[in-house]
Amino acid sequence: IFIFGLLGVPAMGIVGAAIATTLARVVAVVSVGIYAARNKVLRLRPKDLVRRHRVLTKDFLKYATPTLLTEMLWGMAMSTLALIVGRLGTASVAANSVAQVVRQLATVVAFGVASASAIMVGKAIGAGDEALAKRNASRLVKMTFVTGGTGSLIILLVRSFVPALMNLSPEAEGYLRFLLLYMSAFALAQAYNTNLWHEGKGFGV
């Protein structure tokens with residue numbers, strides 16, 4: 001909406017992307033804050049944020065460090081990718097931006113299933129029910145194939161008309177059609193990989 005100027009909003013390009021990202025993060029923080037304030041089971045207090053527990057801190061560093069390193073490397077990879085695409089020219093940047101938005105919209109359900117897998121598997125492991133955790137993991141992998149495959153199909157279906165909806169140069173349109181074809185295969189693989197990654201966190205890997 002803010003990037004391309006939809007629903008009566010003026011097109012703001014990269015500024016619009018920054019505004020949209022900031023608004024999304026603000027809404028997320030406010031939503032979590034409201035939920036935490038109304039939660040009667042787990043009461044979060046400001047002083048809990050600065051309280052230190054030696055055993056808990058040791059366990060946190062032990063199990064969180066690999067994940068932190070993974071996220072750091074992922075962030076570096078995405079920054080490097082943006083740098084490479086930016087050097088390919090404006091047509092490549094425009095096509096990649098549109099393709100990424102289409103992919104994200106088409107796979108949002110698959111990524112939601114992947115995120116849920118970490119919660120459901122982790123809850124079962126925390127309760128000591130390893131058998132339930134394995135059953136949940138198996139079911140969620142199957143759901144990921146369904147939702148990821150649906151996302152891939154959606155990308156293929158919109159590939160025929162999305163370029164015409166955008167104000168792109170012929171060169172950018174060609175890039176976009178190729179990228180959407182690639183994304184249709186990439187989306188399923190990424191959904192499956194993301195699900196395994198989240199389930200691994202749920203199992204404590």
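The expected span of a helix is 1.5 Å times one less than its number of residues. Keep that in mind, everyone, and look at helix 3 with me: its 17 residues reach 24 Å from the first C-alpha to the last, close to the 24 Å expected. Before I go on, a reminder that this is a predicted model.

Let me step back to the whole chain. What does the fold consist of? There are seven helices and zero strands, so reading along the sequence is simply α-α-α-α-α-α-α. The C-alpha trace spans about 60 × 35 × 30 Å along its principal axes. Of the 205 residues, 25% are buried. The chain exposes about 14300 Å², and carbon and sulfur atoms supply 70% of that area. As for contacts with a separation of 6 or more, 67% of them join residues 24 or more positions apart.

Now, the inside. The largest nonpolar core has 16 residues, and the members that touch the most others are Val-98, Ala-99, Val-102, Ile-155, Val-162, Leu-176 and Leu-180. Which elements give two or more residues to this core? They are helix 3 (90-106), helix 5 (130-158) and helix 7 (170-202).

Back to helix 3, then. Its buried residues are Ala-91, Ser-92, Ala-95, Val-98, Ala-99, Gln-100, Val-102, Arg-103 and Ala-106. I'd like to pick two of these, Val-98 and Arg-103. Leaving aside neighbours within four places in sequence, Val-98 is in contact with Phe-4, Val-162, Met-166 and Leu-176. Two of those partners, Val-162 and Leu-176, are also on the list of core residues that touch the most other members.

Is Gln-190 buried or exposed? Its relative accessible area is 15%, so Gln-190 is buried, the cut-off being under 20%. Beyond its neighbours within four places in sequence, Gln-190 is in contact with Arg-103 and Phe-111.

Leu-7 sits in the segment before helix 1 (13-38). Why does Leu-7 count as exposed? Because its relative accessibility is 76%, and exposed means over 50%.

Key: Residues numbered from 1 in each chain as written. Predicted model: local features only at pLDDT ≥ 70, side-chain atom pairs only at ≥ 80, totals over all residues. Heavy atoms only, no water. Core = buried A, V, L, I, M, F, W, Y, C linked by side-chain atoms within 4.5 Å. Buried < 20%, exposed > 50% of the residue type's maximum accessible area, 1.4 Å probe, protein only. Helix = DSSP H or I, 4+ residues; strand = E, 2+ residues; numbered from the N terminus. Contact = heavy atoms within 4.5 Å. Areas by Shrake-Rupley, 256 points an atom, 1.4 Å probe, with all protein chains shown as cover.
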